Amino acid sequence: MAWEHEEPESSDSLKTFGAVVQALREHAGISREDFGELVRFSKHTVASIELGRRMPDDSFVELAEPALGNTGALRKALKHLARQPGLAAWFRLWAKLEQTALALYTYECRLIPGLLQTPAYARTLFANQLPPLGDEQIEAQLAARLERQRLLRERPNTAYSFILEEHLFLRRTGGVEVTRELIDHVLDVATIRNVRIQVMPQVREGHAGLDGPMQLLETPENRWHAYCEGQRSGLLISDPKEISVLQMRYATMRSQALALEDSVSLLQRMRGAL
């Protein structure tokens, strides 16, 4: 089974919900940082919710209500948010699946995956989006992306695999300094025990991933899901037959890409050439 939706910009209802959270928090005299501790989210995530850039989940609301006076307003508002079809249900589901995944495999040929991006690289991507984003939108999206990256450090039992095209580094997105910092960061992440990063060389006669980027994920129930992203849409796949094809392609790309040690060596040489 697969669902396809266009991911919307922040909706009016999300912005309204965020404004209510912010108003209640400020009325209670609680800072974002202190409020984040109460609801078990970082202040950056709280900011994303208050700016209407992040979909709040049940746990956030259940912890926020007592902290903000138990008015019941947030519980009632959440039901209306969840019923809106324009809030990219496929993305919310994928994000939830990531939180408990046993394995997450990613192949990228367009840009460095969000889990591996540096703040400077991510900011460059957001600043070049069309239609243009405002400063607050850029900061909110950056905060959400950095928050998501905690998965790599906080889930040591999850197996992460990344296959990245060599040209993603050669493009020098953001300039030489941004690229140098990016390579340093990727090399650092590659030292994490449960993370495997491979580079697909620029010259490769056989390539199983020419149909585009993909992500594969295994749940604690040992079920597999896949996610493929386009210009303005995302596709979440749970059909075992379709996933089997993508798994076969990913396994083949693993053999076509450079080994971990060779990938690290290539990145080190690329950094030295900058």
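**Close-up views of a predicted model**

**View 1. Cys109, a partly exposed cysteine.** With 22% relative accessibility, Cys109 lands in the partly exposed class (between buried, under 20% relative accessible area, and exposed, over 50%; 1.4 Å probe, protein chains only). The closest cysteine sulfur belongs to Cys228 and sits 11 Å away, too far for a bond. Cys228 is in no disulfide either, and the structure holds 0 of them (a disulfide here is a pair of cysteine sulfur atoms within 2.5 Å). This is a predicted model, where local features need pLDDT of at least 70 and side-chain atom pairs need 80 or more, while totals for chains, interfaces and linings use all residues. Numbering runs from 1 along each chain as its sequence is written, and side-chain values use heavy atoms, with hydrogens and water left out.

**View 2. The largest nonpolar core.** Among the elements giving at least two residues each are strand S3 (159–165), helix H11 (176–189) and strand S4 (195–200); H11 brings the largest share, 6 residues. Helices (H or I, at least four residues) and strands (E, at least two) are DSSP runs, numbered from the N terminus.

**View 3. Around Ile197.** Neighbours within four places in sequence aside, Ile197 is in contact with residues including Phe162, Leu164, Val186 and Leu260 (contact means heavy atoms within 4.5 Å).

**View 4. Arg25 in helix H1.** Arg25 belongs to H1 (residues 12–27) and counts as buried because its relative accessibility is 6%. Beyond its neighbours within four places in sequence, Arg25 contacts Ile30, Ser31, Arg32, Phe35, Glu50 and Leu68.

Key: A nonpolar core is a set of buried Ala, Val, Leu, Ile, Met, Phe, Trp, Tyr and Cys residues joined through side-chain atoms within 4.5 Å.
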